[in-house]
Amino acid sequence: MYPFTNFYDALNRQSNTLVNDVEKAINGEYSAIDCYARLANMAPHKKEREQILEIRQDEIKHYQQFVQIYRGLTGMHPQPKITEECPGVYLRGLEFALEDEQKTVDFYMEIADAVTDPFIKEVFRRAAADEQNHAVWFLYYFSKTK
């Protein structure tokens with residue numbers, strides 16, 4: 001007896017997973033955009049503030065790319081929401097950002113590895129590389145401040 005594989009259902013499951021992952025990525029970027037504006041305002045030095053704002057610009061770019069992907073997959077505009085609250089103390093905010101960026105690297109690489117579309121794959125691989133760079137900056141400022 002040979003099991004029948006319904007490839008249409010398997011494709012839909014993969015698409016649903018991708019849509020959910022892209023939606024989660026959109027919410028994460030939306031939350032980071034808000035948080036990094038707050039962190040920049042708390043930064044004790046101009047150079048740190050400028051670097052955090054540069055990181056925030058990367059997050060805005062990622063957000064826009066993920067929205068484009070989401071709209072291509074669903075035909076709808078996402079309804080982003082803040083999913084993680086940003087700490088109100090600078091040092092705790094740096095630690096929070098550092099940990100979040102590191103987790104995001106893994107998440108984006110998993111998405112890139114799972115998709116077959118070359119555009120989506122490259123967007124998530126590039127975003128993962130940016131997130132790793134952001135984590136290094138946050139680690140530097142965290143170590144320096146601590």
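Me: A helix in this predicted model is a DSSP run of H or I of at least four residues, numbered from the N terminus. How many residues apart are Arg-38 and Asp-34 in helix α1?

Reply: Arg-38 and Asp-34 both belong to helix α1 (residues 7-42) and lie 4 residues apart, so about one helical turn separates them.

Me: What makes Arg-38 and Asp-34 a salt bridge?

Reply: The cut-off is 4 Å between a side-chain nitrogen of Lys or Arg and a carboxyl oxygen of Asp or Glu. The closest N and O atoms of Arg-38 and Asp-34 are 3.2 Å apart, so the pair qualifies as a salt bridge. By this rule the protein has 6 salt bridges.

Me: Why is α3 called roughly antiparallel to α4?

Reply: The axes of α3 (residues 90-114) and α4 (residues 118-145) cross at roughly 160° and come within 8 Å. Angles over 145 degrees count as roughly antiparallel, and α3 and α4 are therefore described in that way. Their crossing is left-handed, and the residues of their contact comprise 18 nonpolar, 5 polar and 6 charged.

Me: Why are α2 and α4 described as roughly antiparallel?

Reply: Helix α2 (residues 46-74) packs with α4 at an angle of about 160°, with 11 Å between the axes. The angle is over 145 degrees, so α2 and α4 are roughly antiparallel to each other. The crossing of α2 and α4 is left-handed; the residues of this contact divide into 12 nonpolar, 6 polar and 8 charged.

Me: Over which residues does pLDDT stay under 50?

Reply: This holds for residues 6-11, where the model has 0 contacts beyond four places in sequence. Where pLDDT is low, predicted coordinates should not be read in detail. The mean pLDDT of the protein is 92, with 90% of residues at 70 or more.

Note on methods: Residues are numbered from 1 along each chain as its sequence is written. This is a predicted model: local features need pLDDT of at least 70, side-chain atom pairs count only at pLDDT 80 or more; totals for chains, interfaces and linings use all residues. Side-chain values use heavy atoms; hydrogens and water are left out. Axes are lines fitted to C-alpha atoms, for helices over the stretch in contact, and angles run from 0 to 180 degrees between N-to-C directions. Helices (H or I, at least four residues) and strands (E, at least two) are DSSP runs, numbered from the N terminus. Angles under 35 degrees count as roughly parallel, over 145 as roughly antiparallel, 65 to 115 as roughly perpendicular and the rest as oblique. A crossing is left-handed if the near helix is turned anticlockwise from the far one by less than a right angle, and right-handed if clockwise. Ala, Val, Leu, Ile, Met, Phe, Trp, Tyr, Cys and Pro count as nonpolar, Asp, Glu, Lys and Arg as charged, and the others, Gly among them, as polar. pLDDT is the predictor's confidence in each residue, from 0 to 100. Contact means heavy atoms within 4.5 Å.
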